[in-house]
Amino acid sequence: MAERAQPISAWPGIGAAALVAALILGTLAAVALRAETSGGFSPADWAALRFTLTQAVLSALFSVALAVPVARALARRRFPGRRALIALLGAPFILPVIVAILGLLQVFGRSGWISDVLGVFGLPPIRIYGLHGVVLAHVFFNLPLATRLVLQAWQEIPAERFRLAAQLGCNGMAMFRLIELPMLKRTLPGVIAVIFAICLTSFAVALTLGGGPRATTIELAIYQAFTYDFDLGRAALLSALQLALTAAAALAALRFSRGDGFGTGLDRALRRWDGGAPALDAFWIAAAAAFLLLPLASVVISGLAGVFDMPALVFRAALTSVFVAAASTLILLVLALPMATAVASGRHGLVELSGILGLAASPLVIGTGLFILIRPVVNPTMLALPVTALVNAAMALPFALRILVPTAKDITARHGRLALSLNMGKWTFFRRVLVPRMRPQIGFAAGLGAALSMGDLGVIALFADPQIATLPLQIYRLMGAYQMQAAAGGALLLLLLSMGAFWLLDRGGRWHAEA
């Protein structure tokens, strides 16, 4: 039986998917081949492996343990600003890592706000560098994600279950044991696995807060093999190990994320009859809000004071970041749009599979492979910015497809048959029907990609020389030179550029989108 005709062509998407697969799998193959020439793992490499697993486990457990009471409080309470607070929980995802780290240092560091308060009472300052500093930063980034995931699971519980439990005379503890605890048992393993996988590939956090050889992750060890020893064989071997860890963590996340639903209801608004402890819920909500807002507030306050201390190199790096983010966003859309239309045709599941390959390999691993491939042909530093833009686009591609594909499928299903009956060409359908109706999603994906690229501190650290720097790398260099005021001003500038790029593109996609 012949396949039903489609109003869109899948071939451009297949070509884009092939390019993405060649980029990721080709670099991984280069890493694997070069890793065979290495002399094996040293004691320092095994120490890096142990630290990587330790910090990832602790970060995941602390993030989820704190997310449960916050999500429960948000699920039970309605208060002014609740929607804004829930929206704020998504901000750390696009927040530049170096900005958040600088904010955490200003709040929790040795000279930070909390240490100043402790000093008033004669207590020693907080020491943020090392394992506890890495875990603290990961909790800052992943607590909002864990809260959103757990809150979503809480809100999927039909309201009728709570109504029935109240009619049967169940108190708060009984409701938790009979309704909420089974939900948590199904949900939390997947959330823990997702955050564990994210923390495995955290480079900038370990680079800035690691605090020495005893607090070195595998990705940081890869970076050190490049910058200090220039041992490509060791870097490749570590990259292969990192790939195996991330692939295993990704498979575990997919495995644990599957589970039975919680049944269906009448879509009533969730209402609780157990009363609960309003003061305790208020405490958790206020504590989570303060934990997220204080570092951001400190960046703004110190950044305003450090604006006039910024050297000209900061503004040059900011311009470089803007160009890299613009190029990365353009590459992202050129790849994501045809791949989304190919997936919407319903005939090319491998296209979507190639789009999520970026989740199985870290940027530093791909950068290692590109360095190995490029070095025999040309000086890699000459291609630092194009390579950074390309890798950033590949890393943002899975998120862009998650945004674009559902809408592309819906539009194709609703308007495809009419387009075929009108004998509308595939290019015409793509240009006149699909793209205009996907403008909000395209703007959101572009804004997300631009913000992630603007704040990235990964591949550029491998390829850049002293004359080339993006703004995150320049801020890190200022911090290393103890020019904290100038770094704070640069962090504020980076925060404004990242959030501004996201807002501008997202808002631009929604402008007159209803027309």
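This is a predicted model: local features need pLDDT of at least 70, side-chain atom pairs count only at pLDDT 80 or more; totals for chains, interfaces and linings use all residues.
View 1. Of its 515 residues, 51% count as buried. Among contacts between residues at least 6 apart in sequence, 84% join residues at least 24 apart.

**View 2. Helix α19 spans residues 439–454.** From first to last C-alpha, its 16 residues reach 22 Å, close to the 22 Å expected at 1.5 Å a residue. The helix is mostly covered, with twelve of the 16 residues buried. Among the buried residues are Pro-440, Ile-442 and Gly-443, and the run from Ala-445 through Ala-446, Gly-447, Leu-448, Gly-449 and Ala-450 to Ala-451 is buried as well. Ser-453 and Met-454 complete the buried set. The partners against which these buried residues pack are α4 (91–94), α14 (312–344), α17 (384–421), α18 (426–437), α21 (471–480) and α22 (484–510).

**View 3. α17 packs on α19 at an angle of about 160 degrees.** The two axes lie 9 Å apart. With angles over 145 degrees counted as roughly antiparallel, α17 and α19 are therefore roughly antiparallel to each other. The crossing of α17 past α19 is right-handed. On the α17 side, the contact is made by Asn-392, Ala-396, Phe-399, Ala-400, Ile-403, Leu-404 and Thr-407. α19 contributes Gln-441, Ile-442, Phe-444, Ala-445, Leu-448, Gly-449, Leu-452 and Ser-453. Ten residues of this contact are nonpolar, five are polar and none is charged.

**View 4. α22 packs on α19 at an angle of about 170 degrees, with axes 6 Å apart.** By the angle, α19 and α22 are therefore roughly antiparallel to each other. From α19, the contact takes in Arg-439, Pro-440, Gly-443, Phe-444, Ala-446, Gly-447, Leu-448, Ala-450, Ala-451 and Met-454. These meet Leu-494, Leu-497, Ser-498, Ala-501, Phe-502, Leu-505, Asp-506, Gly-508, Gly-509 and Arg-510 of α22. The contact residues comprise twelve nonpolar, five polar and three charged.

**View 5. Asp-506 is a residue of helix α22.** Its relative accessible area is 15%, below the 20% limit, so Asp-506 counts as buried. Leaving aside neighbours within four places in sequence, Asp-506 is in contact with Pro-440, Gly-443 and Phe-444.

Definitions and conventions
Residues are numbered from 1 along each chain as its sequence is written. Side-chain values use heavy atoms; hydrogens and water are left out. Helices (H or I, at least four residues) and strands (E, at least two) are DSSP runs, numbered from the N terminus. The expected span of a helix is 1.5 Å times one less than its number of residues. Buried means under 20% relative accessible area, exposed over 50%, partly exposed in between (1.4 Å probe, protein chains only). Contact means heavy atoms within 4.5 Å. Axes are lines fitted to C-alpha atoms, for helices over the stretch in contact, and angles run from 0 to 180 degrees between N-to-C directions. Angles under 35 degrees count as roughly parallel, over 145 as roughly antiparallel, 65 to 115 as roughly perpendicular and the rest as oblique. A crossing is left-handed if the near helix is turned anticlockwise from the far one by less than a right angle, and right-handed if clockwise. Ala, Val, Leu, Ile, Met, Phe, Trp, Tyr, Cys and Pro count as nonpolar, Asp, Glu, Lys and Arg as charged, and the others, Gly among them, as polar.
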